[in-house]
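Here are my notes after going through the model. Have a look at the structure first, then read the points in order.

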Amino acid sequence: MEQKAYQASLDYLYGLDKFGMIFGLAQVERILEAVGNPQREIQAIHIGGTNGKGSTAAMMASIVEKEGYRVGLYTSPHLVRFTERIKVNGKEIEKEEVAVLAGWMRQRIEASGITLPFTFFDFTTAMALLYFKQAVVDLAILEVGLGGRLDSTNVVDPLLSIITNISKDHEEYLGRTILKIAGEKAGIIKKGRPLITSATQPRVLQLFSKICQDKGSPYFRLDKQFRYVSMGDRNFNYEGLHRKLWDIHLNLMGFHQIINATTALAATEVLDELGYPVSIDAMVEGLREVKWPGRLERVCSSPQVVLDGAHNPAGALVLKQSLEKEFKYHHLILLMGVMKDKDIKSILHHLAPLADHIILTKPHIERAAPPALLKAALGQNGKKAMVIEDMKEAIEKGFSMARKEDLLCITGSLYTVGEARAYFYPEGGT
């Protein structure tokens, strides 16, 4: 019965996908009003940026949980299960709780006279905030879905905001220039609330500085108020607002994760100043034990199999650098499935030249690009590519091709990675 009610809730939620992306806060605010405005009773940390926002959110959650706080974490998309999106102290929301909350919310929405369309993300954001209120969390860490200014999560007045970095992605929604994209992301900066950022472009930093000045918001940026020195092998030194930490070990692979970890540490120091004390031990332990699946995640060691959700050109470039500098292998087999609304050419341009063999496939989602389209975009690199439409078959082929000293890298989209992860962890392991 529980599974049936949960499935009915998911069918309703995914049915909202037909409305696509509807930017604006009007509908989510109406839904929140109907369910009692839970966002007003939650102390939030709001995290935006182009890449790395989910990793940074996971790191922040891990650190403050180590300190003993009760922490809600809302991230998207999920890799395998819907319940991954909403967690309290690392524990996913139960299926039964999804069904009960969704049913009650639908009644309240209908009674309030709210009419469609509203989006999947409007509804699930309101659900997460309501769940966190009911769970009486000390802190709720919210990852922006898309952009910032008009994103459904931008209904909170957070303790602080974090913007990880700015690069081109979702340009049809956020604008064609870095500054326009930065302007949308900056929509999460609130009056008098601190901003912590790891963005690096001078014009972007000038924009953030001006907005913070206008809003009276304290402003902290990488290489100014906080910095890191990489020590290699996922270890680094941190120099922050008041603290210096030496030889911190990070549980996540990838040099870019050290930048995200540094940003999380700076945000933790700001949080400490806002009356949420966090010890050095919690900072160190939180990073040593953080988990964030599907991002440079090694799921097999002989042959090596790595999953990485590089879904835009900036993410593909970071993956390229990691494959070149952090992994040892004989041959590289690249298995890719990409969404059709992405900059396919640029993603392939970064990764295809590294590969000895390329397998093109697609996850089971309407937005996925046909593998033939990917092959056409490969140009000369198309000679080393094969098309296998079915994802499971593609994984089995890649695995059979790889010898024990080779590396099979599965990438191109978090949807691709999610389906691959379900293949390697059929019981939903973490």
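1. Gln304 is buried, with a relative accessible area of 10%. For the record, buried means under 20% relative accessible area, exposed over 50%, and partly exposed in between (1.4 Å probe, protein chains only). Gln304 sits in strand 13, residues 304-308; helices (H or I, at least four residues) and strands (E, at least two) are DSSP runs, numbered from the N terminus.

2. A note on the source: this is a predicted model, where local features need pLDDT of at least 70 and side-chain atom pairs count only at pLDDT 80 or more, while totals for chains, interfaces and linings use all residues. Residues are numbered from 1 along each chain as its sequence is written, and side-chain values use heavy atoms, with hydrogens and water left out.

3. What does the side chain of Gln304 make a polar contact with? One partner is the side chain of Arg298, at 3.1 Å. A polar atom of the Gln304 side chain also lies 2.8 Å from the backbone oxygen of Lys328. A polar contact here is a pair of N or O atoms within 3.5 Å; within protein, one must be able to donate a hydrogen and the other to accept it, and residues adjacent in sequence count only if both atoms are side-chain atoms. Setting aside residues up to four places away in sequence, Gln304 touches several others, including Phe327, Tyr329, Lys404 and Asp406; contact means heavy atoms within 4.5 Å.

4. Then take a look at Leu351, in helix 12 (residues 344-351). Leu351 is buried, its relative accessible area being 0%. Beyond its neighbours within four places in sequence, Leu351 is in contact with Ala316, Leu319, Lys320, Leu323, Leu334, Met336 and Thr411. Leu317 is 34 residues from Leu351 in sequence, and the two are 7.6 Å apart in space, C-alpha to C-alpha.

5. How many salt bridges are there? The count is 14, taking a salt bridge as a side-chain nitrogen of Lys or Arg within 4 Å of a carboxyl oxygen of Asp or Glu. One of them joins the side chains of Glu41 and Lys133 (3.5 Å, N to O). That pair links distant parts of the chain, 92 residues apart: Glu41 is in the loop between helix 2 (26-34) and strand 1 (44-48), and Lys133 is in helix 5 (residues 120-134). Glu41 is exposed at 53%, whereas Lys133 is partly exposed at 30%.

6. Arg193 also forms a salt bridge, with Asp157, the closest N and O atoms being 3.1 Å apart. Arg193 lies in the loop between helix 7 (178-185) and strand 7 (195-197), and Asp157 in the loop between strand 5 (139-143) and strand 6 (160-163), so the pair ties together parts that are 36 residues apart in sequence. Arg193 is partly exposed at 27%, and Asp157 is partly exposed at 45%.

7. Last, helix 14 (residues 391-401), where Met391, Ala394, Ile395 and Gly398 are buried. Viewed down the helix 14 axis, the buried residues fall within an arc of 100° (taken from the directions from the helix axis to the C-beta atoms), so they line one face of the helix. They pack against strand 14 (332-336), strand 15 (357-360), strand 17 (407-411) and helix 15 (414-424). At the start of helix 14, a side-chain oxygen of Asp390 comes within 3.3 Å of the backbone nitrogen of Lys392.
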